[in-house]
Amino acid sequence: MTTDAMPQDETAPNPAWPHGDAEWQRVSPSYAWADLIVNLALVIGAGLVIGIIILTNAGEQPLVPLLILSAVVLLLLVNALFAFRRVRAIGYILREDDLLFRRGIMFERIVAVPYGRLQLVDVTRGPLLRALGLATLKFVTASAATGVQLPGLRVAEAEALRDRLVALAETRRSGL
C-alpha cells in the first residue's frame, strides 16, 4: 500500500502551509542597519530624557534612579541587538491570488493580501532608507485593518514589485 492511497488526517498540520513549496523572499540585510540606528537613537534619546528627569528629582540618593536608568538603557540595547534577527524574519511570497507577508520573531504575523483588494501600492523612502538605497512598499486595501508595510527592499526591487502588484490588482478587480 502506498502513502498516496492512505487517507489524509485533516487535523494533522500541513508543513507546507501557508506557502506551499514557495520560498520566502527576504528584504535587504542593509535594512538591519536602519533598524539598529533607529533603536540606538531611541536608546540615546530615552536615556537622556530619563536621566535628566531622574537626576533632577533624585535629591541626595542618586543610586536608585541611576540603577533604574541603567536597566532601561540595558533593555533598549538588548532590543537594538535583535535588529538583525527581526530583519531576517521579514519576508514575502507572491502567490497566484495573493501576496503573503511575514514578520515577527516570537509572535509571527502572516498576512495574506488578495490582489483584487489592493487599492494603492506606494513606495516610500525616508532619509535613512534613502541613504542606504532602500525603500518601503506600503499596501492600502479595502479593509482599514490590513495595513501592510514591506520595509527594507532595494529601490529597484520595490518599484518592480509595485508595478507587478498594480498589474495583478487590475486583472483581479472584476466584481469590485
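Tutor: Begin with burial: buried means under 20% relative accessible area, exposed over 50%, and partly exposed in between, with a 1.4 Å probe and protein chains only. Helices (H or I, at least four residues) and strands (E, at least two) are DSSP runs, numbered from the N terminus. This is a predicted model, in which local features need pLDDT of at least 70 and side-chain atom pairs count only at pLDDT 80 or more, while totals for chains, interfaces and linings use all residues. Residues are numbered from 1 along each chain as its sequence is written, and side-chain values use heavy atoms, with hydrogens and water left out.

Student: How many helices and strands are in the chain, and in what order do the elements run?

Tutor: The chain has five helices and seven strands. From the N terminus on, the order is β-α-α-α-β-β-β-β-α-β-β-α. Of the 176 residues, 33% count as buried.

Student: What share of the contacts in the chain join residues at least 24 apart?

Tutor: Contact means heavy atoms within 4.5 Å. Among contacts between residues at least 6 apart in sequence, 51% join residues at least 24 apart.

Student: How do I check the length of a helix, taking α5 as the case?

Tutor: The expected span is 1.5 Å times one less than the number of residues. Helix α5 covers residues 155-172, which is 18 residues, so it should span 26 Å; its end C-alpha atoms are 26 Å apart, in agreement.

Student: Which residues of α5 are buried, and which are exposed?

Tutor: An α-helix has 3.6 residues a turn, so residues three or four places apart point the same way. In α5 the buried residues are V155, A158, L161, L165, L168 and A169. Seen down the helix axis, the buried residues of α5 fall within an arc of 155 degrees, so they line one face. The arc is that of the directions from the helix axis to the C-beta atoms. A156, E170 and T171, on the other side of α5, are exposed.

Student: What covers the buried residues of α5?

Tutor: The cover includes β2 (91-94), β3 (98-103), β5 (118-124), β6 (134-141) and β7 (148-154). For angles, axes are lines fitted to C-alpha atoms, for helices over the stretch in contact, and angles run from 0 to 180 degrees between N-to-C directions. α5 lies across β2 and β3, at about 40 degrees to β2. It also lies across β5, β6 and β7, at about 140 degrees to β7.

Student: In what order do β5, β6 and β7 form their sheet?

Tutor: Strands of a sheet pair through backbone hydrogen bonds, either parallel or antiparallel. Two strands pair if DSSP finds at least two bridges between them. Here three strands form an open sheet in the order β5-β6-β7, with antiparallel pairing. β5 and β7 are the edge strands, each pairing on one side only. From one strand to the next, the twist averages 20 degrees. β6 and β7 are antiparallel and joined by five bridges, and A135 stands opposite L153 in β7.

Student: Which strands make up the four-stranded sheet?

Tutor: That open sheet has the order β1-β2-β3-β4, and its pairing is antiparallel. Its edge strands are β1 (25-26) and β4, each of which pairs on one side only. β2 and β3 pair over four antiparallel bridges, with a hairpin of three residues joining them. G91 stands opposite R102 in β3.

Student: How many bridges join β3 to β4?

Tutor: Six bridges join β3 to β4 (residues 109-114), and the two run antiparallel. R109 in β4 is the bridge partner of R103, and V113 in β4 is that of L99. The hairpin of β3 and β4 has five residues between the strands, and G104 there takes a positive phi near 115 degrees. Five of the six residues of β3 are buried, so this strand is largely enclosed by the rest of the structure.

Student: Which residues of helix α2 are buried?

Tutor: They are P65, L69, L76 and A80. Down the axis of α2, these buried residues fall within an arc of 55 degrees, so they line one face of the helix. They pack against α1 (31-57) and α3 (83-88). Exposed on the other side of α2 are L63, V64, L67, L74, L75 and L81.
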